[in-house]
Structure formats: C-alpha cells, structure tokens
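My notebook is open and the viewer is running. I'll jot down what I look up as I go.

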Amino acid sequence: MKVGALLTSAGINIGLCVLFWSLYSILRKQPQNVKVYFGRSISKADRRPLLERFVPSPSWIVSSLQCMEGDLLKTAGLDAVVFNRVLVFSIRIFSLAAILCVFGILPLNYFGQDMNHVLIPSASLETFTIGNVKERSRWLWVHCVVLYIISGVACFLLYLEYTHIARLRLLRLVQTNGNPSRFTVLVRGIPKSSHESFSSAVDSFFTKYHAPSYLSHLVVHKVGKVQKIVMGAKKAFRKFKHFKGTAVDQTRRSVTYQCCLCGVSSNSFQLLPIEEQERANPCVKDSNLDLSDEECAAAFVFFKTRYAALIVSEILQTSNPMKWVTSLAPEPEDMYWSNLWLPYKQLWIRRIATLLGSIVFMIIFLLPITFIQGLSQLETLQQRLPFLKGILKGKYMPQLVTGYLPSVILQIFLYTVPPMMMLFSTLEGPISHSERKKSACCKVLFFTIWNVFFFNVLSGSVLNQLNALSSPKEIPTQLAKAIPLQATFFTTYVLTSGWASLSSELMQLFGLIWNFVRKYILRKKEDSDLIFSFPYHTELPKVLLFGLLGFTCSVLAPLILPFLLIYFFLAYVVYRNQFINVYCTRYDTGGLYWPIAYNTTIFSIVLTQIICLGVFGLKKSPVAAGFTVPLIILTMLFNQYCRMRLLPLFRTFPAQVLIDMDRDDQQSGKMDGIHRRFHSAYCQSSGTDDIPLEGIKTSSTDEGRGSSSGESSCKEGADQPGSNLSHPTMKSLPVDRLRTAVRSLAFMIRLQKRGLSA
C-alpha cells in the first residue's frame, strides 16, 4: 500500500469525524432530541436563542473533561470507571510509545536500506516498518531497548491501575452497606421430592445444617403468560400514579384512536360502568390474591450476616456437586429471572453447545476476511479478477480500494458479531444481566482478536492459514514475517473502525432515527421510556483490540501509533460524555471487567515480545534476540505476582471487611431494618402489587346514567378545587377498568391453580 492510499483513508475519516461532531453539537441543542442525547437524566429542553441552537460549539467537550472520577463513579458505576481507566492507561503508554518509536525507530526503519527514496506520498508503507531494516544491522539494539522500556512502563502502569481499581471495589463494598445481595445466597439444583415442596425442602435443609445463621428463604416461581399479562397491566397503573386529585372520565362511549399513518379513526372497545363489572364479578374486589405459581428448583436463602452468606456460597453443600449448588445472589436489579427456571443439570450442555456454535461462527467468518485480504492486495486482485484492471486504472480508485474499502467492509461484517455472541451468552443460562454481558464481552473479544488480528496476519487465503496452523512451531515466524506487511491494513482499520465508529457512537444514529420515526411518522407525542445501558460487550473488546494492535506494531511498524493515540484521546472524551448524559446504569459488575482488560493487555505485551524475538531471529541479530528472552520471563513473573496479590480481590470479598460491617450494623441497630427488606427486594411479583389510585376520582358525563356512582363521585369531590375538571390527557382513560381487569385475571389464575375453572 502506498502512503497516498493511507492519506486518502485518513482524509475521508477526518472529514466524517468533523461532519458528525459538528452535527452532534447542533442536534444535542434541539429540544426534540433531549431524549436521545440526555436519556440518562432527562432535563428541560434548552431555551437557547434560535441562532445559537444551529451553531456548532465545543461546550460538551469541556463538560466531559471537567467530570472528575468520583462524579463518574457516582453517576455511572464502577464498570464505567474501569472502562475509563483502560482508556487512561492506553493514552499514557501509547503516548510514550509514540514518542520513542516515531522519533527513534521510524527513521531507522526508513533508512534501513541503501536505496534511492522516492517522494513520501508515492513511497510504500513497508519502507517505514522493520522489514526495511537489513539483516545483521547494528541498529537493531535500539528496537530491543525500546521494547524493554515499553514493556517495563506498561507493567508498572498496569500495577498502579490494578491496585487503584481493587481499592475502589472494596470502597464500593463498604458504601453499599444495605445491599441485600450480600446477605443472600442463590441455591440451585434443589432435589425434587414427592413428599414435600421445594420450599419445605429448603427450610429443612438450612435449618438442619446452617441453623445459627439461617434467617429465611424465598422460592423462585415460574411466571407464566397470564402472570406476565398481569405484570404488564399493573405497569400501566404505575404510569398514572402521579395523577393526584384528577378526574378520570368514565363514560359509556367508544374510545377512538387515530391511525398514525393513514389518519383513519377506529373503535377499540366500549367503556362499561364500574358497577356493572362489580355485579358481574363480585369476587374481583379482593386485590390481595395470592398467586400460587409453579415452583422451581431454585431459591433465595437469606442469612443473618454477610460473612455467613459468603461462607455458605463458597463451600460444597453435599457429596453430589450437582445438588444444592450455592452462590452469592446477584443484586435484585441485576436478576435475569427467566434463566432461573432452567434445570441446573442442563447448564454444562448449554455451555458446550454455545462453544461449538461460536467456533462454527468464527469459521464461517473466514470467508469475508479472505475477500477483504484480496482487496488490500491490489496485484493479486487484478490477477484473480482480470475485468477489474480497467476500473482500477484511475488515479484515485486504487487508493480508495486498497486504503479505505477493506476496513469498511470488515467493519460492516463485524456489526453482526455482538448480537450473535449475546445470543450465545443468553443460551448459556446466566442468572444476571451483568454476567450475560460479561460473557458476551469475552466472546466478542476472542472473536475479534482471532479473526481480525490472527487470521488477517497469518495469510490472505484460507489455505495458507490452515498451513500455518498445521505447524504451530512456525506461528511466531509467520507472525514476524506478516505483521510488518499487514500493519498498513491495521492502520486503515484504526481509522475506519476507530475514528468513524466514535463519530457514530457520539451521534447515536439508531436512537436519532428511531426518535424521528416515533415523533414524525408514528406521531407519538410522548418520549419513549427506553434508555439503553452502556454496551460493554461491543466497546471494551474494540478498545482492547486497538491496544493489541498498538503493542504489536509499536516497534515493528510505528506509523500506526499517531493514529491510534488520536483514537484514544477522542474515545476518552466521547465515552465520558456518553456515560454522563446518554446511558443509564441499571446494574454493575463491581469492576469485574478489569481482569478481562488486564489479561488481554498482558497477552498483548507477551505476544509483542514473542513476535519481536522472531523478527530479531529473522534479521540474524543474536544479541537482540538473546536479550528478549529474559524480558518474556520477567513479564510472566509480573503477571503471576498480580494474579496472586490482586486477582483474589475480584473473585470474592475479604472476610475481614464483611465481619467489620456486620459488627457495625449490629451495634448501630441497622441489622433488623436490613433483614426486613430481603423478601421485598427479591420478590418476583414486587412489580405487580396493586398501585393505590385513591387520588384519582371518577366522573361521568353520560346523560343517560342518572344518579349512579358518577354522581356520588362528583358530590364527594364538590368541595375540592378542580374536582369537576378532567385532565386533558386522561380523557376516556379506563383506569378503574384496567385495575378490575387485573383483579379478574388474578382471580382466574387462582381458580385455575385450584382446578376449579371450567
């Protein structure tokens, strides 16, 4: 690839970034887009002057940079801080690498051969890589020294970040003092007995073996379709609970709605008086119906102290590891309820099936990668497809095809990866949303590193890739030969997948399009209640992949570092803005994304050292190769120390901290109040309790009803101001009918469970 092709790709992406960032600074000021760009904390629409609203401004950048880490921790949680620290680490290490490699190694690579150099735009990018250095060059020791410096500083920064995040994790444990998940153990694989129910079995087991610390339990029930209808209906109640002292029209006339597309009105249903429904269904007045749903072989067991819950969750309960399986329960907002119904014995089969599915998907993905490699090699492409020779004779067409098109096509195909991996992670049976997203993050990370990096590097054809994989001993040599050649493709990939994707993330194209369709096509006046959480499973693997590219190419092909460093600076600004304004944090892993980032970074550093060892061997420099071997050993020793010293803090909680928290709560008298919140926190029907609507009065405007409940309602509220006024948005809204329908459904469920329904 020529330098001109790289400059063409850079120019296109710079233009797109400037366009999208300018549009974002304008669109975020428009009142109709408040939900899109300020979804996390809805604020009032900007009352800016009309001209100012259509002028780009960098004020959001200043606000993003002024946000402190404590504010980010309070706003978006510890996972957001971990993601931010990964970006900070990348900025620090690649700033040092860019200074050392661009000003120290790049000139040595460029003048490594005795040759006549052409103009830089017409020069090949391979002349800026270590492949241009001649064999037995006396300047290869510079590459070895720079490799030592980058590796040493990277390990030092990793240790600082590791200790900092571990300290924040312990601080979060102390600050979430009343979190019920610390006292709760999730028990799965409860043996089924014909003599007693699951609830009785749980109570007898933990009373017998954990009597001093056992408090109570709550069995998980399988929620059916009818129960889901009840939950949905009662969620509708919640939308009206803030209408206090308003009058709801209870007329007999039909409720008509206007079609969003054609504008034709249609009758939906008839509103019946509340008295007729009460006479027809006299038993639905009981709003406290107990729905005896089908019990599952899982239960939440509550203990008196945090320490007791931790001990029970860590030990083996019986001689059969597949029965009475215990683990600390996720936080109530983090529960993935539907997977609790799965039998525990199925989980290992599901994990194997999803692993096989992921492998098959990775193999299928080789086809587009092979095609993309053909586009990056113009000479090979013209030989395979002769009819393209006439098209590629233009001045700018070869630069566009080799410099921009391959990375764009690869990025389009990569958009299919996160949804597929999220599906595989869901099928595995995780019990929490955060566990599902973390599993998807690992799968996407493995997929991108293996397909985007290794299969792109090893060869441009599937046959050569298989030949390379058939002899594992040759992989380091193959990588040493291929990475300097493929560094040009990775540079354009950083421009397309990095810079352009940041612009797309900032613009929130999906949310913007959906907001436009909802407001101007579907004619919905109210904003959507849907607010997304941050997609760690797509963004973190992308950042870690760019870190891998930065480490492996820093010494071998340093021309990528300036573009990579610009990406990390832009990502730092963009993602902080998204955390503050756009995404809503519903659940948090407690910093468990950091071990994933740490392990990937250590892998990147060791892989870089192995590749450099192979390159020094190919260049016949025994001194540089000999000094690289101790560096690999030292890095692995550092990794082992961190795994022994810091990693256990991310696997479990220290008993010392939990016991101190238990003692403080018992001495202050807070423990009883914490115990009373357990059942309500993990109750599956907590969102389906009756919503009190005492503040909403009903009034009738039907002339033919006479002196019915409508008159009595008006008389009761005659002394209250505004009792005769109907809320303009509540006109003809059947609130009482909806509550009656909920009670009727609940009554039907109870009859069905008792076997009395017809």
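How many bridges join E1 to E7, and do they run parallel or antiparallel? I counted four bridges between E1 and E7, and the two run antiparallel. One pair I looked up here is Val187, whose bridge partner in E7 is Thr326.

Before going on, I noted that this is a predicted model, where local features need pLDDT of at least 70, side-chain atom pairs count only at pLDDT 80 or more, and totals for chains, interfaces and linings use all residues. Residues are numbered from 1 along each chain as its sequence is written, and side-chain values use heavy atoms, with hydrogens and water left out.

**Entry: the whole protein.** I found 31 helices and eight strands. Helices (H or I, at least four residues) and strands (E, at least two) are DSSP runs, numbered from the N terminus. Of the 758 residues, 50% count as buried, with buried meaning under 20% relative accessible area (1.4 Å probe, protein chains only). I also looked at contacts (heavy atoms within 4.5 Å). Among those between residues at least 6 apart in sequence, 83% join residues at least 24 apart.

**Entry: the sheet.** I traced an open sheet of four strands in the order E2-E6-E1-E7, with antiparallel pairing. Two strands pair if DSSP finds at least two bridges between them. E2 and E7 (325-328) stand at the edges with a single partner strand each, so one side of each has no neighbour in the sheet. Neighbouring strands here are turned by 30° against each other on average, direction ignored; the axes are lines fitted to C-alpha atoms, for helices over the stretch in contact, and angles run from 0 to 180 degrees between N-to-C directions.

**Entry: strand E6.** E6 covers residues 294-303 and is mostly covered, as seven of its ten residues are buried. Seven bridges join E6 to E2 (residues 214-222), and Lys222 stands opposite Glu294. Five bridges join E6 to E1 (residues 184-188), where Arg188 has Ala298 as its bridge partner.

**Entry: a helix over the strands.** I saw helix H11 (residues 306-314) lying across E1, E6 and E7, at about 135° to E7.

**Entry: Thr538.** This one sits in helix H22 (residues 536-554). A polar atom of the Thr538 side chain lies 3.0 Å from the backbone oxygen of Pro535. The Thr538 side chain also makes a polar contact with the side chain of Glu539 (3.1 Å). A polar contact is a pair of N or O atoms within 3.5 Å; within protein, one must be able to donate a hydrogen and the other to accept it, and residues adjacent in sequence count only if both atoms are side-chain atoms.
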